[in-house]
Amino acid sequence: MKFEKKDFLWGGATSASQVEGAFDAEGKSLTIAEMRPFNPNLDRKSVDELNKYTRSDYEKSIDNKDNLHYPKRIGIDFYHRYKEDIALFKEAGMNIYRMSIAWSRIFPNGDEAEPNAAGIKFYKDVFEECKKNGMEVMLTIQHYDVPYPITKKYGGWSNKKVIDLYIKFATVIMKEYKDLVKYWLPFNEINVATLAPTTGLGIFREDFNSEEDYVNASWQGLHNQFYAQAKVIEIAKTISSNIKMGCMVANMTTYSSDCNPVNIWENLATQQMQRYFYYDVMVKGDYPSYSKRYFKENNIKFETTSEEMEVIKNNNIQYITFSYYMTSTISKELKDAAGGNLMLGGKNPFLKATEWGWQIDPIGLRITLNELWDRYQLPLFISENGIGVIEKLNENNTVEDDYRIEYLSKHFEQMNEAIKDGVDVFGYTMWTPIDVVSLSTNEMSKRYGLIFVDYDDYHKGTGNRFKKKSFDWFKNFMKTKEL
Ligand code: BGP
């Protein structure tokens, strides 16, 4: 296969809490991401880790008196090693780096009058380093790391006060970095808000009187994020035309488990509320009709104002980005049994899965790209895609990760097919260019990188970087554009 498209952005993606470490350096506050402990007994096939812990579990970690380990406090020490990492990304041939900014370095309590100068300087240095190395930056403004002081004082995103804090934070950084950062994503995987509310919104079940209140609070938090995002887009227009605003959705494509119309309908209904709903609001600027029925039938209530809806209507995104790892199947039976919780969906006999049950589906990427293009006619960007595997350095200080080469090349091929179908795809950032702490499991050992980082789950190791076989493969692909 020859990849013909010119001016394409190729790179890697990470997030602040999964790489930076230095969790309390130079005024930074603790975030919810760094308060969730590593669970050595976790079940690799379960997706419950994100929703398992209570507010008190998180708070226990503040004085860190127990012997639990908090992997995101150390990350891969990018805070101190970013120059080395960016040099490696450049060496691999990348021309874009997607990263996120820690709110907790800029406004540690959320409501200070002035930003923390040390935090502002750190990111300026990182962006300048990217520029020096010929890389564009795609910046996620919030990637699952609400500062703990904000959740403590305001209870998280279900409180409308948090909208103001976020807008202040976003405005400061847009003004500061408008000439260094071109692509901006207000929220990572905005649809995770209602699936994993503590992770996406910084809210905790125990703060609400009933399960119903908690569910409503998660929809309120999501609405608040939609509004905050639109407001940030509105403000961006007054700051610089260099700022390009997109969205980021965890694109969970599902198929009907068979051709029974009952299941086909259930799949479409799932796709509507798990996927299209989010794009529809951010692209078309309103809550779609099917969602109104869903809210009514599920007794979901949250507060919107006409002023908020007006802002959402008038400030749409300019391009769509999404994460794509896998697909799954939906049937009525499965849905009834799961009671609405279908983060992973069902098995597909035609697909192989990773150790975590993520079903690998390159053709699904072509399907997804075509669908999104047909539905929205906006430029598309794959902001995360990759394979997590348990790996160890061999005697030659490398990893022979042929499975990763296969995973990536098959997805590149299908992306290329979609481009040939006429879909406007303008870039791709793999998850990840370098091993990071896993979001859901908190493990170091669930590795995605082209570059191996010498830390184990307890952060024993040198932290040194080693190129895997896939690094050389990717570097060669960047030169030849041939697979
Ligand atoms: C996405 C997140 C990332 C990330 C990736 C892989 O949902 O945006 O932060 O880590 O998934 O997930 P995990 O690390 O749980 O394997």
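Keep in mind that the model is predicted. E384 sits in strand β9, which spans residues 380–384. An unreviewed UniProt entry annotates E384 as "active site"; such annotations may be inferred rather than shown by experiment.

Now show the surroundings of E384. Leaving out residues up to four places away in sequence, E384 touches A13, S323, T429 and W431.

Next stop: the core. The largest nonpolar core holds 124 residues. Select Y97, V137 and L139, which touch the most other members. Then colour helix α11, residues 211–239: α11 supplies the largest share of this core, nine residues. In soluble globular proteins, nonpolar side chains tend to be buried together.

Stay with Y97. Which residues is Y97 in contact with, leaving aside neighbours within four places in sequence? Select G11, G12, I86, F89, C130, M135 and V137. V137 is also one of the core residues that touch the most other members.

Last stop: a helix pair. Select α17 (residues 402–420) and α18 (residues 469–480). Their axes come within 8 Å and cross at roughly 35°. The crossing of α17 past α18 is right-handed. On α17, pick D402, R404 and I405; on α18, pick K469, S470 and W473. These residues make the contact. Colour them by class: three are charged, two nonpolar and one polar.

Terms used:
Residues are numbered from 1 along each chain as its sequence is written. This is a predicted model: local features need pLDDT of at least 70, side-chain atom pairs count only at pLDDT 80 or more; totals for chains, interfaces and linings use all residues. Axes are lines fitted to C-alpha atoms, for helices over the stretch in contact, and angles run from 0 to 180 degrees between N-to-C directions. Helices (H or I, at least four residues) and strands (E, at least two) are DSSP runs, numbered from the N terminus. A crossing is left-handed if the near helix is turned anticlockwise from the far one by less than a right angle, and right-handed if clockwise. Two residues are in contact if their C-beta atoms, placed from the backbone, lie within 7 Å. Ala, Val, Leu, Ile, Met, Phe, Trp, Tyr, Cys and Pro count as nonpolar, Asp, Glu, Lys and Arg as charged, and the others, Gly among them, as polar. A nonpolar core is a set of buried Ala, Val, Leu, Ile, Met, Phe, Trp, Tyr and Cys residues joined through C-beta atoms within 7 Å. A residue is buried if 20 or more other C-beta atoms lie within 10 Å of its own, exposed if 12 or fewer, and partly exposed in between; C-beta atoms are placed from the backbone.
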